[in-house]
Amino acid sequence: MKLQRRYDQASCRLQVEGLPDVSAGQSSQAIGIITGWQLQLAARPELEGRKEHLIAMAEAVLPYARHLISGVRRPFGGPEAPVSIAPFEVEHEADAERRRQGHELTLRSSQPDTPPLTLRIDDAELADLVRCLDRLRLDPLLQVPLQLPEPQPLRAKELQARLPLHRRLAAPVGGALALGLLAGLSWFLPTPAPQRAGQATQTAPPTKLAPSR
Amino acid sequence: MAQAPAAAPVDPSAPEAERSHRPPTRLSRRGLERLDLLLLSVEALDLNGGEAMVWMSEQLGFSSLFPDRVALWKSRCHNPLRRVTRRGTLSEQETDALIRILCTLADRLYPMLHQLLSSSEPEDRNDQRWGLFQGRLAELVQERMNPRRSSVQRLVDPALERSVLRTLIQCLALGAGDGGFDRLKASLMDAN
């Protein structure tokens, strides 16, 4: 008998279908084999796929959220991956100076001649999707090894992307310019006049040693 | 609630590459600042946030770590940006407990976080919500943080960029709940 698990959020619903893996000694209420899943995002077409696609989505979205929480906006999932996610930015309709940020989720079908589907979601929808995937990951009744990597602290090199290049270069370039300016100014300092060979130099008179008695 | 095991001592004989890959077990100065600022953001979102924090600490079984509100306040005073700051660092158990309290409070406030982040909310109403949050956060920062620090001055500046506030709210939304704990903890342990 097919089992269903549903994870609901305000703008997102993830539903997983599967069967218990009796050969592994799982209970009849637990899902051990995923046969399919559906994802419904508000006012967007419904997505569905196999277990591999669900894992690919979790592998792209969860590390993306992990980096986002540290302020690093970088894409995950390459152009060949079944699921990829990347940040995007568009100008605000009313105010050109304000920019609206969002996330572009791209799903590529394994069926030939099917163009990839791109969904643009905002921060709230991304948070909903991440919460659904978290609940799926931590669900004790979903006993499928998803093998997702644990979140790790980011290294200094990874955090460099937080600051734009011109701000990262500001300090070293400013330092180099100041050094160059000081070196240039030092050329204008008058050099001491060379001493003539015949000019007597004032030196301390030689110390006379007291005669020994 | 099960407590995290004590931090394993670093083996000095381990190879350098292996040691450098091992995640740190204690929060850095920057991590402490961020953790306290996120807790302050929760207080700015929820007028009763301070009380909720004490209540949540008891509910989650952290009474041995924080027996009263003073102990909880003292642990937050390890933030070097505070007006009254304490020396030393938090233990791993205390850090985990504070992050767990933050994640649970963020989970409770999630509908509010969702509203603030959503682009489908009416814009003028959302602007009012953001304004209210910014005002309350600035008040709390002025009350508790050292005003001579430049990062504190930046937070109370009325011309503070919306993106800074948005990063805080996004951090709370992505760190809310049980699933957010590992993510938020890893983020607070980032190299600086």
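Predicted model: local features only at pLDDT ≥ 70, side-chain atom pairs only at ≥ 80, totals over all residues.
Reader: How many helices and strands does chain B have?

Author: Chain B has ten helices and zero strands. Along the sequence, the pattern reads α-α-α-α-α-α-α-α-α-α. Of its 192 residues, 34% are buried.

Reader: Let's pick one helix, α5 of chain B. How many residues does it have, and what distance does it reach?

Author: Helix α5(B) covers residues 92-108, which is 17 residues. From first C-alpha to last it reaches 24 Å, close to the 24 Å expected at 1.5 Å a residue.

Reader: Why is α5(B) described as largely enclosed by the rest of the structure?

Author: A residue counts as buried when 20 or more other C-beta atoms lie within 10 Å of its own. Twelve of the 17 residues of α5(B) are buried, so this helix is largely enclosed by the rest of the structure. Among them are E94(B) and R100(B), along with L98(B), I99(B), L102(B) and C103(B).

Reader: What covers those buried residues of α5(B)?

Author: The cover includes α2 (29-45), α3 (49-59), α4 (69-76), α6, α9 and α10 of chain B.

Reader: How should I read the packing of one such pair, say α2(B) and α5(B)?

Author: Two packed helices are described by the angle between their axes and the distance between the axes. Here the axes of α2(B) and α5(B) come within 10 Å and cross at roughly 30 degrees. Angles under 35 degrees count as roughly parallel, and α2(B) and α5(B) are therefore roughly parallel to each other. Their crossing is left-handed.

Reader: Which residues meet where α2(B) packs on α5(B)?

Author: From α2(B) come L35(B), L38(B), L39(B) and V42(B), which meet L98(B), I99(B), L102(B), L105(B) and A106(B) in α5(B). The residues of this contact divide into nine nonpolar, no polar and no charged.

Reader: Now the other chain. How many residues of chain B are in contact with chain A, and which helices supply them?

Author: In chain B, 24 residues are in contact with 26 residues of chain A. Helices α6 (110-117), α9 (162-174) and α10 (178-188) of chain B each supply at least two residues of that side. The largest share, eight residues, comes from α10(B).

Reader: How do the residues on that side of chain B divide into nonpolar, polar and charged?

Author: The side of chain B that touches chain A has ten nonpolar, ten polar and four charged residues.

Terms used
Residues numbered from 1 in each chain as written. Chains lettered and ligands numbered in written order. Contact = placed C-beta atoms within 7 Å. Helix = DSSP H or I, 4+ residues; strand = E, 2+ residues; numbered from the N terminus. Nonpolar A, V, L, I, M, F, W, Y, C, P; charged D, E, K, R; others polar. Expected span 1.5 Å × (residues − 1). Axes fitted to C-alpha atoms, helices over the stretch in contact; angles between N-to-C directions. Parallel < 35°, antiparallel > 145°, perpendicular 65-115°, else oblique. Left-handed = near helix turned anticlockwise from the far one by under 90°.
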